[in-house]
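Please look at the structure below and let the paragraphs lead you through it, from its sheets to its charged side chains and its backbone.

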Amino acid sequence: MTVTVVGAGPAGMAAARTAAEAGADVLLIDSGTKLGGQYHRQNSLYTGEKFALPANVTHLPDTAVWAVEPGPRLHLRTGPADGPGRTGRTIDADALVLATGAYDRALPFPGWDLPGVYTAGAAQAMAKGQRVAVGRRVLLSGTGPFLFPVAESLLGVGAEVLGVLEANHPVTGWLANPGGLLAGAAKAAELGRYLAVLARHRVPYRPRTTVLAAHGEHRVEAVTTARVDRDWRVVPGTEQRVECDAACVGFGFLPQLELAVAAGCALRDGFVDVDFTQRTSVPGVFAAGELTGIGGAVLSEDEGTVAGAAAAGAPVPRRALRGVRAGRRFAAALEAAYPIRSGWRDRLTGDTLVCRCEEVTYRALCDAVEKRDATGVRALKLVSRAGLGQCQGRICGRTVAELTGTETTAFSKRPIAAPVRLGELAEIPKEDKK
Ligand SMILES: Cc1cc2nc3c(=O)[nH]c(=O)nc-3n(C[C@H](O)[C@H](O)[C@H](O)COP(=O)(O)OP(=O)(O)OC[C@H]3O[C@@H](n4cnc5c(N)ncnc54)[C@H](O)[C@@H]3O)c2cc1C
């Protein structure tokens, strides 16, 4: 049998390896040029490949799955996304493991559309992948432990990190659930290492502090920061202006759901719903990694191992099952320690852009709902144009949904999951039935 795996991050690589070791032929598809996904992102300037997979794994790099139909039938395009001559292919999968990971989340604030404001994930990808620092004097703001590896990567490429501003108070957050922290012992150790790096470079770490606005004429020149209370409301009189040439914001992660939604997989609490073998509600389709919950690379890898074995029809390794159980306890504690609190909405002015691609302001979004009665994702898109731009709601969709009281995963229904040209759509794909 052939197991098709989409996504070559920790979850997808583990699924491919396990299914191959169980005797299946494996097709591992990823839009990146190298194996590794986000956590193990490799330096693209280095031509070698760091990871080795069993011989019965065929890795299709530089290949986007741009649509999934029931079956499941996958439509692929191979070649640089922005280059000509990409080749098309269609695959009918016997068993499919979806391991497409997550996007990092940015919340809007005045000035977040200025050049020089990045998502923390973009800064991390440029530092890891191209050895490029997004600025010389960089401030990090948001919530969650992901800000630490980003700070480390920026320091590693020569940036001065002016501070790491954490909107929550992680000590109180973790103390409320020490068992969860212990369940992720490997991650806790990693956390300790990052704190040592920050101390060595004298980078201040400020809990209950956040960026309120970015300022600059043509690009960011400074930001206003302030202390915030438990609900992220500004503590009056604590505002400060900090000169910088880049600001990176990261407010956790959102699962990259479009292929799973297109395949018909049921969701629960915003993630793909899976059973203990990572089986989704669609027969023959499995999901692993951040698609099923945000818990870090170790949990993703364990889920991938379980999914790979189950997809190949082999017994599921007990060690991986135990890892998934512990990892989920850690993930629940992580979510409780770094919640998104409602006070972020206080930063929005009528002129703040909510959808940057289509330049939709907060005022325009409110008008769409209040004056033009746009409810539901389709009406909202058509009336306000939010989510209709180049990113197709990947950046703004969740925010628009939350601000308008729309179902939070509504923007994940994206039948064309990756950009394709009209000419490519018109081509007759080479059938490749497996
Ligand atoms: C930008 C970014 C940077 C991150 N950096 C770190 C970090 O440094 N440290 C850390 O602890 N955590 C990091 N994370 C969190 C991290 O995602 C995980 O903990 C871990 O990598 C999750 O593993 P995964 O296998 O679920 O997904 P990922 O590692 O995200 O892998 C998913 C893979 O699926 C591929 N893919 C998605 N959609 C398609 C498609 N339609 N067609 C083909 N391929 C597709 C992607 O190219 C990607 O390689 C980062 C997350 C993001 C979004």
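**Sheets, charges and backbone**

Three strands, in the order S13-S14-S15, form an open sheet with antiparallel pairing, where helices (H or I, at least four residues) and strands (E, at least two) are DSSP runs numbered from the N terminus, and where two strands pair if DSSP finds at least two bridges between them. At the edges of this sheet lie strand S13 (209-215) and strand S15 (240-243), each of which pairs on one side only. Neighbouring strands here are turned by 30° against each other on average, direction ignored; the axes are lines fitted to C-alpha atoms, for helices over the stretch in contact, and angles run from 0 to 180 degrees between N-to-C directions. S13 and strand S14 (residues 222-227) run antiparallel and are joined by 6 bridges, and the partner of Thr210 in S14 is Ala226.

This is a predicted model, in which local features need pLDDT of at least 70 and side-chain atom pairs count only at pLDDT 80 or more, while totals for chains, interfaces and linings use all residues. Residues are numbered from 1 along each chain as its sequence is written, and side-chain values use heavy atoms, with hydrogens and water left out.

Another open sheet is formed by 5 strands in the order S3-S2-S1-S7-S20, and its pairing is parallel. Its edge strands are strand S3 (57-60) and strand S20 (285-287), each pairing on one side only, and the twist from one strand to the next averages 20°. Strand S7 (residues 95-98) runs parallel to S20 and is joined to S20 by 3 bridges, with Val285 in S20 as the bridge partner of Leu96.

We now turn to charged side chains. A salt bridge is a side-chain nitrogen of Lys or Arg within 4 Å of a carboxyl oxygen of Asp or Glu, and by this rule the count comes to 20 salt bridges. In one of them the side chains of Glu424 and Arg86 meet, at 2.8 Å from N to O. Because Glu424 lies in helix H13 (residues 422-426) and Arg86 in the loop between strand S5 (73-78) and strand S6 (87-92), the pair ties together parts that are 338 residues apart in sequence.

Finally, consider the backbone. The peptide bond from Gly71 to Pro72 is cis, with omega near -5°, and Pro72 lies in the loop between strand S4 (63-69) and S5. Arg202, a residue other than glycine, has a positive phi near 50°, and Arg202 lies in the loop between helix H6 (185-200) and strand S12 (205-207).
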